[in-house]
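Start with the term needed for the interface.

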Amino acid sequence: MYTIQENVRIVISLFKQYNVRHIVINPGGTNISVAQAIQDDPFFKCYSVPDERSAMYFAIGLHLQTGEVIATSCTSAQATRNYIPGLTEAFYKHTPIIALTTAKLERFQYQDYMQAPDQCSLPKDCVKKSFDLPPVTDENTRLQVCHNAKEAILEATHRNPGPIQLNLRIVDSFQGKFEDVQLPSIRLLNRYMAWDEWPSSNLGDQKILVVVGEHRPFTDRQQAALDSFCENHNAVVYVNHLSNCSGKYSLQANMLVSCGGFAKVKPDILITIGGQTGDYPIYGALCNMGAGEHWRVAEDGAYVDTYDHLTKIFECPDYFFFEKMAQNSTCSHSYYEEWKALNDTINFDVELPMSNLYVAQQMHKRVPHNSIMNFAILNSLRCWSYFPLDPSIQGYGNVAAFGIDGCNSMLIGESMNTDELCFIVTGDLAFFYDMNALGIRHIKNNVRVLLINNGGGAEFKIMTRNWAEKVSVDNFISANGHNGSAKGWAENCGFTYIGVNTKEEVNNAIEGFTSVSDKPILMEVFTKEEDEVLAMVTFVRTNAITTAGGKLRQIVGNVVGNKGIEILKKVIKR
């Protein structure tokens, strides 16, 4: 029998999986559901200590003799406060104790409600961190509880051990309700430090997808380590313009994923390095990748479960991971070949209306090698992500916090210590938000601003295209009509200004815009919001990977070679 409160059952299940078996129980009302769950379970060794002040020191003593993580359980209100002296000792003694406190719902705090103080307001030198677990009401709160509970248990022994507070929100009316159910099965998460014993590097022929998020240009050691890992495993490296990574097994495949191709090439193991990808197609694909594992490699070792599939964290530099996991073996490279064969079928020469996407289509091959490119979110980053750039080109965007602030300013900062051309692709809302950056007196002649002016936020028209007829979008959602042209401001700030209104003018202007000049250049391309939406829909639908037969017909017009055709046939049969 267990309480019907799922957050409690999740914690008990994880305690068992992580081998947290010693629990010091303080009697009380709010924590009845916890005590009931463990008292008859032979896995746990329970200790009853009525005084919470004594219980915490008792727990420290248990750890000193067993070397294990010790849990404690108390009721709400003053009980948690009585833990503070012992938790302070545990904090400075680096003793891994999980203080499993129980509390009323947050809505009762500060409302003169009985036994409802703010239980997570413990002193900073009392616990390493506090985690709050709400009642499970839907899939989102279930994921939140699983995440917080796993992170709390791992944090007790992470780096410098110490006490952790795990606070369970209890619904009073459920206290006496129990049911005959099993504890939930929850996928375990393990963290590996550099000195730990790691899983075997012999991964057989499992399909491994390495996704590189936002990253500074790879050092020789980083690239060599990644290439060596891929050479010895059945792996492919998914990169976009912000990854700043290129290698034998790297693919810029944003368009393939956008068109549904990921369903044909799902991995067994996903490995992520770097920061955010800023890449909505791969985000959606990985969230739905199925039963595969996700390994995160990062020096911070943080529990960052972007796709809700995280199973392993390797707390180390990425090059260290790839060097350690590389092995001298012969393996199939079928997974990379499948990705590449599908990616080679993408048709980039689709007829498009005048738009950001059209400009990217015409310009992506003409950006000079070794240039620096910046992409203002969201439409500009999306449009240019569809098209591959030369590996020598560095790419950046404000995707860490994901805001339109400072896009121009960051570009200008990047241009200060290089003589290569530095580009930004931006929309009118993002550009005018940071237009004062054009007045910075340090601006060099290598700055290039590509301003797509559609008179509003095209992104919001794209987002609302399926229901825009029912809701007014123009005035306050896409903010139409706020801005005119950047011509006067650009010229006043010493820029050469190029205004473009037609496809022909785009094609005529590209050469000058991408060449060396004696002034910085701003090229303003005027488009219509409806054409921005039409261009994106047309491009994706033309390349959509739907039925096997339809894809095979599309393949006929692409030169992939006999080997590529055979690989594609195998992929499409899945």
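## Terms and basis

Buried area is the accessible area, taken with a 1.4 Å probe, that two parts lose on being put together, summed over both. The size of an interface is often given as this lost accessible area.

The model is predicted: local features need pLDDT of at least 70, side-chain atom pairs count only at pLDDT 80 or more, and totals for chains, interfaces and linings use all residues. Residues are numbered from 1 along each chain as its sequence is written, and side-chain values use heavy atoms, with hydrogens and water left out.

## Domain layout

The protein is split into domain 1 (2-184), domain 2 (208-344), domain 3 (356-536) and domain 4 (547-572). These bounds come from an automatic or database domain assignment.

UniProt, in an unreviewed entry, lists residues 10-121 as "domain: Thiamine pyrophosphate enzyme N-terminal TPP-binding". UniProt positions follow the numbering used here, feature names are shortened, and annotations may be inferred rather than shown by experiment. Over residues 10-121, the chain is 41% helix and 17% strand. Helices (H or I, at least four residues) and strands (E, at least two) are DSSP runs, numbered from the N terminus. The end C-alpha atoms of this stretch are 24 Å apart.

## Interface of domain 1 and domain 2

The centres of domain 1 and domain 2, taken over C-alpha atoms, are 37 Å apart. About 560 Å² is buried between these domains, and carbon and sulfur atoms give 48% of that area. Seven residues of domain 1 contact seven residues of domain 2 (heavy atoms within 4.5 Å).

One salt bridge is found across this interface (a side-chain nitrogen of Lys or Arg within 4 Å of a carboxyl oxygen of Asp or Glu).

## Salt bridges

The whole structure holds 20 salt bridges. In one of them, Arg221 pairs with Glu323, with the closest N and O atoms 2.8 Å apart. Arg221 lies in helix α7 (residues 220-231) and Glu323 in helix α10 (residues 318-325), so the pair ties together parts that are 102 residues apart in sequence. The side chains of Arg159 and Glu315 also form a salt bridge, at 2.5 Å from N to O.

## Backbone geometry

Most residues other than glycine have a negative phi, and most peptide bonds are trans. Ala77 has a positive phi, near 65°. Ala77 sits in the loop between β4 (70-73) and α4 (78-82).

The peptide bond from Ile377 to Leu378 is cis, with omega near -5°. Leu378 is in the loop between β16 (372-375) and α13 (379-385).
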